[in-house]
Amino acid sequence: MAQKIVPSLWFDMQAEEAALYYIDVFGDGRIVSTARYPEGAPGPAGEVMSVEFEVAGMRLDGINGGPQFPFTEAVSLQVKCADQAEVDRLWDRFVGDGGEEGQCGWLKDRYGLSWQIIPEGMDEVFADPDPARAQRAVQAMLGMTRLDVAALRAAADGVPVG
């Protein structure tokens with residue numbers, strides 16, 4: 001069965017550009033289909049209206065709807081990274097390509113879409129049965145932009161994060 005829920009992303013007029021960018025960033029994906037505005041539609045005839053694409057195994061739809069509805073942090077895409085190297089690669093790419101850092105592993109890409117770049121092992125640090133360990137890790141996270149799971153583990157152990 002195809003993916004039942006497909007996130008739809010509203011872009012000004014960069015849906016196809018963004019789809020190709022995300023495919024390149026993750027190195028895994030494809031354009032599934034492209035629809036163009038017909039004559040008499042609210043967009044320019046012949047221009048891309050929407051693009052359905054897959055990236056890292058997830059299907060998404062990008063709509064060229066215009067500037068009325070910009071992205072906000074109210075919705076983000078969470079990327080669960082296998083290791084710190086993947087966190088660093090994605091973080092550096094998104095921020096280096098015109099994105100901006102946020103707090104606690106959040107960033108915005110150059111289109112304004114929010115992403116959470118999460119390292120493997122982070123959940124177990126925060127779920128530690130010792131509430132003091134979990135609290136120290138949370139406090140360390142609050143001071144981070146890019147997440148570093150080794151630093152979070154060290155903080156849980158009582159080693160200052162610097």
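Modeller: Start with Arg153. Its relative accessible area is 35%, so Arg153 is partly exposed. Keep in mind that this is a predicted model.

Arg153 has a partner, Glu124. Their side chains form a salt bridge, with N and O 3.2 Å apart. The two residues come from distant parts of the chain: Glu124 belongs to helix H3 (residues 122–126), Arg153 to helix H5 (residues 149–156), and 29 residues separate them. Which class does Glu124 fall into, buried, partly exposed or exposed? The cut-off for exposed is over 50%. Glu124 reaches 52%, so Glu124 counts as exposed.

Now move to Arg93. This residue pairs with Asp24 in a salt bridge, and the closest N and O atoms are 2.5 Å apart. Again distant parts of the chain are linked: Arg93 lies in helix H2 (residues 84–96), Asp24 in helix H1 (residues 15–26), and the pair is 69 residues apart. Arg93 has a relative accessible area of 25%, which makes it partly exposed. Asp24 is partly exposed too, at 47%. Both values sit between the limits of 20% and 50%, and therefore neither residue is called buried or exposed.

Salt bridges join Arg30, Glu52, Glu54 and Arg59 into a network.

How many salt bridges are there? The count is 11. They draw on a chain with 13 positive and 26 negative side chains. The centres of those two sets are 3 Å apart.

The chain holds 5 helices and 8 strands. From the N terminus, their order is β-α-β-β-β-β-α-β-β-β-α-α-α. The C-alpha atoms fill a box of roughly 65 × 35 × 25 Å along the principal axes.

Take contacts between residues at least 6 apart in sequence: 59% of them join residues at least 24 apart.

Last, the surface. The chain has 162 residues, and 36% of them are buried.

Note on methods. Residues numbered from 1 in each chain as written. Predicted model: local features only at pLDDT ≥ 70, side-chain atom pairs only at ≥ 80, totals over all residues. Heavy atoms only, no water. Helix = DSSP H or I, 4+ residues; strand = E, 2+ residues; numbered from the N terminus. Buried < 20%, exposed > 50% of the residue type's maximum accessible area, 1.4 Å probe, protein only. Contact = heavy atoms within 4.5 Å. Lys, Arg positive; Asp, Glu negative; His and termini not counted. Charge placed at Lys NZ, Arg CZ, Asp CG, Glu CD. Salt bridge = Lys/Arg side-chain N within 4 Å of Asp/Glu carboxyl O.
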